[in-house]
Amino acid sequence: MIGEASLPDVDNGYFIHSPVTVAEHFREYGPAPIDGESIALVFASDGGGHLFAIGDSGQVWKSATASWFDDFEVAASGLQQFLEQLGRQIANQS
């Protein structure tokens, strides 16, 4: 099991946060404000400050700007698709 990942050299950087960090952010900021999701946890970010959240629907969302409280748009249908997209980006950099 992987608890976190730091990929600063992939595109502009991707950072999957540790469970401790996710819990700390949830306590500090609450759930990401995503319409249609009763709860969404921010679990990752990129080097541009955009946030990635997973909602109770299973979809992965990306913030439109580098803000916790801005709009989020669908980035992947689920966590597996998100990680597969990330894997393709890593493979294409070689």
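Predicted model: local features only at pLDDT ≥ 70, side-chain atom pairs only at ≥ 80, totals over all residues.
## A walk through the cores and ring pairs

A nonpolar core here is a set of buried Ala, Val, Leu, Ile, Met, Phe, Trp, Tyr and Cys residues joined through side-chain atoms within 4.5 Å, and buried means under 20% relative accessible area, exposed over 50%, and partly exposed in between (1.4 Å probe, protein chains only). Helices (H or I, at least four residues) and strands (E, at least two) are DSSP runs, numbered from the N terminus.

Residues are numbered from 1 along each chain as its sequence is written, and side-chain values use heavy atoms, with hydrogens and water left out.

Now for the rings. The structure holds 5 aromatic pairs; rings of Phe, Tyr and Trp (its six-membered ring) pair if their centres lie within 6.5 Å, and planes under 30 degrees apart count as stacked, over 60 as edge-to-face and the rest as tilted. Tyr29 and Phe69 have ring centres 6.4 Å apart and planes at 70 degrees, so this pair is edge-to-face. Because Tyr29 sits in helix α1 (residues 19-29) and Phe69 in the loop between β5 and β6 (72-76), the pair ties together parts 40 residues apart in sequence. Tyr29 is partly exposed at 34%, and Phe69 is exposed at 56%.

Phe43 and Phe82 also pair edge-to-face, at 5.5 Å centre to centre and 80 degrees between the planes. This pair links strand β3 with helix α2 (residues 79-92), 39 residues apart. Phe43 is buried at 11% relative accessibility, as is Phe82 at 5%. Ring pairs join Tyr14, Phe43, Phe52 and Phe82 into a cluster.

Finally, look for charge: there is 1 salt bridge, meaning a side-chain nitrogen of Lys or Arg within 4 Å of a carboxyl oxygen of Asp or Glu. Asp46 and Lys62 form it, at 3.7 Å from N to O. Asp46 belongs to strand β3 (residues 40-46) and Lys62 to strand β5 (residues 60-63), so the bridge ties together parts 16 residues apart in sequence. Asp46 is buried at 6%, whereas Lys62 is partly exposed at 24%.
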